[in-house]
Amino acid sequence: MRLHYQSIGQGSPLVILHGLFGSSDNWRSIAKALSSKRRIISVDLRNHGRSFHHPQQTFDLMADDLLNLLDDLGLSTIDLLGHSLGGKTAMQFAQSFADRLSKLIVVDIAPRQYVDEHSVIFKTLLALDLSKFSSRTEISEALSDTLPDPLVRQFLLLNLQKTEKDFTWRINLQALFCSYPGLLQSVEPIEAVEVPSLFISGEKSNYINDNDWQQIKSFYPNAEHIVIDNAGHWVHADQPDIFVEQVNRFLADD
């Protein structure tokens, strides 16, 4: 079982890990913008995108998945960027396989435990009988009462795929829902991680607060933190030009 990935550009490799309900497709424009300076490898985590489905999903397993991919690609060291769920996975990889990392970039997530904010989404999507719908518009309308934000619905419906008969979910919703409590847990390292690190957060997001940053500095002593104005949790989508500029700046002396 190997992870699906997309690769663009040449040079030093930067691996990108998406967030919950996401995929490598969500990062195509960012990958293209970054690819002028290096090789960008955008990965689908297990149970997401076009990667394999599995009943178990833990940070240790996802870090191992990434290690196996790097070995398959013959990559001894990489720079690693992860957003949200992908950011926690990246932190786990940095703890377990620090010798395979040159630099770490974590986007809008801290290593702490988080509260449940997604069970309602899982339950809503799992309750849908997709065979009753003939278009994405109909599905979006059916979700609108429970999930009123059209941008959230649009993002989630990127996980739909159309077969000859009806729609199906590409994402493994049931396995993710069962694994979700474990994905809320912390990924706090036992020992300090010395890898040079950049933590990026959005001004309008509450995923990283001042207390988080103090904790991050104790776990990642070589970390810097930047806050991007007028950006929420999806920092890279809200302010893509500034995001790319900051990533390139941090990686410039590789």
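Q: Which residue in β5 is the bridge partner of aspartate 79?
A: Strands of a sheet pair through backbone hydrogen bonds, either parallel or antiparallel. Here the partner of aspartate 79 in β5 is lysine 103. Strand β4 (residues 78-83) and strand β5 (residues 101-107) run parallel and are joined by 6 bridges; two strands pair if DSSP finds at least two bridges between them. Strands (E, at least two residues) and helices (H or I, at least four) are DSSP runs, numbered from the N terminus. This is a predicted model, in which local features need pLDDT of at least 70 and side-chain atom pairs count only at pLDDT 80 or more, while totals for chains, interfaces and linings use all residues. Residues are numbered from 1 along each chain as its sequence is written, and side-chain values use heavy atoms, without hydrogens and water.

Q: What is the strand order of the sheet?
A: The order is β1-β3-β2-β4-β5-β8-β9, an open sheet of 7 strands with mixed pairing. β1 (5-8) and β9 (223-228) each have a single partner strand, so one side of each lacks a neighbour in the sheet.

Q: Which strands does helix α10 touch?
A: Contact means heavy atoms within 4.5 Å. Helix α10 (residues 240-251) packs on the sheet and touches β2 (13-17), β4, β5, β8 and β9. Its direction makes about 155 degrees with that of β5; axes are lines fitted to C-alpha atoms, for helices over the stretch in contact, and angles run from 0 to 180 degrees between N-to-C directions.

Q: Why is helix α3 described as largely enclosed?
A: Buried means under 20% relative accessible area, exposed over 50%, and partly exposed in between, with a 1.4 Å probe and protein chains only. In α3, 10 of the 12 residues are buried, so the rest of the structure largely encloses the helix. The buried residues of α3 pack against β2, α2 (59-73), β4, β5, α7 (173-183) and β8.

Q: Where is arginine 153, and how far away is the nearest side chain of opposite charge?
A: Arginine 153 is in helix α6 (residues 150-157). Arginine 153 is buried without a salt bridge, and aspartate 149, the nearest side chain of opposite charge, is 6.5 Å away. A salt bridge is a side-chain nitrogen of Lys or Arg within 4 Å of a carboxyl oxygen of Asp or Glu. Lys and Arg count as positive, Asp and Glu as negative; His and the chain ends are not counted.

Q: Is isoleucine 226 buried or exposed?
A: Isoleucine 226, in strand β9, is buried, with a relative accessible area of 15%.
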